[in-house]
Amino acid sequence: MQHYYSFEKSSIGRFFDLINKIGRVWAPVRVSEASFSFKPVSNHEQVAFEALRTILPPKKLFFSPEETLFRFDENSIHEVSPPSEREVLFGVHPCDLAGLNVMDTIYSAHPQDSHYMKRRSKTLIIGLSCLPDKYCFCESMGTDTPKKGYDLFLTDIGSHYFVQAQTPEGLELIDSCRELFSPADEDQRNRFKQFWIYRSQCFTNKFESDNVPAIVDMEWDNKLWDELGQRCLSCGNCTPVCPTCYCFDIVDISSLDGKSGERKREWDSCQIVSFAKVAGDFNFRPGPVDRLKFWYRHKLHGFDDPYGFPTCVGCGRCTVSCPSGIDDIVGVVLQLQGKRMKEQGAEATKGDSSSC
Amino acid sequence: MLKVKQNLQSPFIPHWAIIRSITNLSEDNTLFELQIEDGDFSECKPGQFVQLWLPGVGESPISVCSAKVGETIELCIRRVGRVTNALFLLNEGERVGLRGPFGTGFPLEKYKGKNLCLIAGGLGIAPIRSLLQHVLLNREDYGKLILIYGLRHSAQLLFRHELKHVLRRRDIEVFISAEEIRGPDLPPMSMQLGRVTDMLSLAPVDESYEIAICGPPVMYKYVVQGLKAKGVKENSIWLSLERHMKCGMGKCGHCFVGGRFTCMQGPVFNLTELRFLPEAIECEGTESC
């Protein structure tokens with residue numbers, strides 16, 4: 001059973017003092033008028049509590065965009081381990097927690113990915129509630145509530161943050177400063193319940209999620225993929241911004257004399273033309289249509305084996321970042337379900353979420 | 001916080017091996033015998049693959065080419081990409097890296113006691129050779145044996161000397177063909193003019209046979225059609241798929257086929273399984289196959 005506490009929002013500074021003692025704190029920071037990014041912060045004033053979706057999801061902390069796996073010279077190989085200092089990741093919304101859970105599943109499967117696991121296991125994760133905008137559709141993907149993968153989860157209940165502690169490490173943090181936290185009283189528990197009911201009513205961008213994986217599988221040959229593929233620029237924007245795109249490439253970087261170097265891994269994208277190419281230049285997914293529907297299948301149907309679940313978490317990042325407007329997942333699902341004609345366009349069902 | 005195993009080792013670290021011998025098999029294909037310096041590759045099975053690493057160049061997935069892997073491992077490699085081009089510049093005594101073995105391999109236990117037909121197209125002979133060696137080493141465990149080996153050009157014939165020995169055996173029927181017999185030299189050994197599928201129609205394959213296939217992607221559709229025409233059951237057909245395996249551990253995503261990691265659940269798949277995987281082979285899900 002979880003433990004439930006609360007603390008006054010006006011004490012958020014003390015909360016940050018507390019987590020800063022654990023290690024470097026990463027939190028959403030405003031980086032432009034309309035964009036946010038997870039960055040190291042030293043106090044709460046740097047944090048953009050209003051941030052809904054950061055440009056890159058928090059996977060970047062554990063699955064680095066570029067990292068050295070090992071260094072080598074003529075005689076030996078030296079493994080490069082990720083830094084071992086503890087860190088805190090603050091302000092993770094439910095969709096991103098669900099994304100991390102997908103990443104955990106992939107990278108903890110045998111054989112475990114030591115680099116990801118080492119980074120992941122030294123990081124305390126503190127979730128934060130949010131209210132959806134017109135691009136969010138986590139409710140349709142069933143990822144709209146925090147289920148696992150966090151140590152503490154803070155829900156904004158007005159004057160206070162309601163705190164769920166899910167792990168011994170989370171509880172230890174609370175125990176280390178009992179004057180800040182008090183056990184959640186009945187009124188706070190009621191406000192917590194009301195918040196999540198209210199939040200579920202705020203979604204305007206949604207679809208009926210019944211059996212979507214089967215529908216996506218059934219519609220593998222749908223002409224919609226051709227129409228979307230013809231508009232796809234194969235820029236690969238949709239993959240780095242996706243909380244569950246975990247593909248990577250491994251490359252050798254050699255010194256000028258060719259005697260030493262390092263082996264690195266870098267984020268890769270299934271939307272790039274060379275992704276499924278084999279030696280001899282045979283390409284198993286030569287066209288944008290092949291690549292786009294492959295990506296959609298991974299997100300909405302999932303890979304059958306060994307994991308067998310859809311990986312989209314409904315964060316809306318791909319929808320926002322696609323320059324061709326073809327990553328409107330909700331619009332695509334509605335069309336595949338036969339509920340909307342394509343002429344009505346992606347924006348048709350996106351209401352204004354200002355009431356929430 | 002996520003728990004992590006104590007002393008978790010990086011699965012990306014290769015083992016060293018030394019090139020012990022280099023045997024040219026044809027213009028672009030060479031058999032490399034590697035002496036394993038550290039690491040244990042004795043579990044390698046026919047149909048599995050290893051990652052061959054050239055420091056500073058990169059890795060390339062290569063099929064295990066011999067039935068037995070002990071202190072040495074044999075890899076039949078075509079000079080076709082960045083890594084293999086660099087490999088062909090190396091000499092005996094030079095060092096390379098190896099990771100693996102990866103993948104499932106051919107279902108040796110399922111094949112036991114059955115008639116067996118091995119079908120190779122081009123460089124597909126590399127993994128088929130390891131299976132053939134295994135069957136010949138354990139000949140009493142298997143029934144009738146057929147080898148079909150198709151080439152585009154007669155000059156591309158690989159393992160000529162070994163095949164001559166195999167041709168002399170009475171416990172295996174061998175069908176070798178080339179689509180083009182290239183001059184001015186005579187073909188390295190007796191072979192027929194035609195495609196793999198022509199050889200298949202000549203071979204006495206029937207529904208009692210288990211099949212192992214490895215070749216270029218374009219070949220599968222026609223070979224499967226030919227096998228079905230002969231009454232071979234779908235669940236007796238096993239195909240080795242080519243994809244660009246990079247990590248070998250079901251993580252990097254490059255080898256996804258439909259919903260499977262070729263590097264983990266393959267590269268050898270049963271045809272019944274492939275029919276559920278979109279984009280696996282050209283004939284997937286269509287009535288034509």
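**Domain and Chain Contacts, Sheets and Backbone Exceptions**

Trainee: How many residue pairs are in polar contact between domain 1 of chain B and domain 2 of chain B?
Mentor: A polar contact is a pair of N or O atoms within 3.5 Å; within protein, one must be able to donate a hydrogen and the other to accept it, and residues adjacent in sequence count only if both atoms are side-chain atoms. With both residues at pLDDT 80 or more, the count between domain 1 of chain B and domain 2 of chain B is 9 residue pairs.

Trainee: I note that this is a predicted model, in which local features need pLDDT of at least 70, side-chain atom pairs count only at pLDDT 80 or more, and totals for chains, interfaces and linings use all residues. Residues are numbered from 1 along each chain as its sequence is written, chains are lettered from A and ligands numbered from 1 in the order in which they are written, and side-chain values use heavy atoms, with hydrogens and water left out. Which side chains meet in a salt bridge at 2.8 Å, N to O?
Mentor: A salt bridge requires a side-chain nitrogen of Lys or Arg within 4 Å of a carboxyl oxygen of Asp or Glu. Across the interface of domain 1 of chain B and domain 2 of chain B, the rule finds 1 salt bridge. The pair at 2.8 Å, N to O, is B:Glu74 and B:Arg129.

Trainee: What area do chain A and chain B bury between them?
Mentor: Buried area is the accessible area (1.4 Å probe) that two parts lose on being put together, summed over both. Within chain B, domain 1 and domain 2 bury about 1900 Å², 66% of it on carbon and sulfur atoms. For chain A and chain B, 61% of the area lies on carbon and sulfur atoms, and the total is about 4400 Å².

Trainee: Which element gives the most to the side of chain A that touches chain B?
Mentor: The rule finds 16 residue pairs in polar contact across the interface of chain A and chain B (both at pLDDT 80 or more). Elements that each supply at least two residues of this side of chain A include α2 (94-108), α3 (114-121) and α9 (288-300). With 6 residues, the one that gives the most is α3(A).

Trainee: Which side chain meets B:Glu59 in a salt bridge?
Mentor: The count between chain A and chain B is 2 salt bridges. At 3.1 Å, N to O, the side chain that meets B:Glu59 is that of A:Arg263.

Trainee: Which are the edge strands of the chain A sheet?
Mentor: The open sheet of 8 strands in chain A has the order β3-β2-β6-β7-β8-β9-β1-β10, with mixed pairing; two strands pair if DSSP finds at least two bridges between them. Each edge strand pairs on one side only, and the two are β3 (35-41) and β10 (182-183) of chain A.

Trainee: Which residue in β9(A) is the bridge partner of A:Tyr4?
Mentor: Strands β1 (residues 3-8) and β9 (residues 160-165) of chain A pair in the antiparallel sense over 6 bridges. In β9(A), A:Ser6 stands opposite A:Phe162. The bridge partner of A:Tyr4 is A:Gln164.

Trainee: Why do β10 and β15 of chain B stand at the edges?
Mentor: The open sheet of 7 strands in chain B runs in the order β10-β9-β8-β7-β11-β12-β15. At its edges, β10 (192-193) and β15 of chain B have one side without a neighbour in the sheet, because each has a single partner strand.

Trainee: Where is A:Pro111 found?
Mentor: A cis peptide bond joins A:His110 and A:Pro111, with omega about -5 degrees. A:Pro111 is found in the loop between α2 and α3 of chain A.

Terms used
Helices (H or I, at least four residues) and strands (E, at least two) are DSSP runs, numbered from the N terminus.
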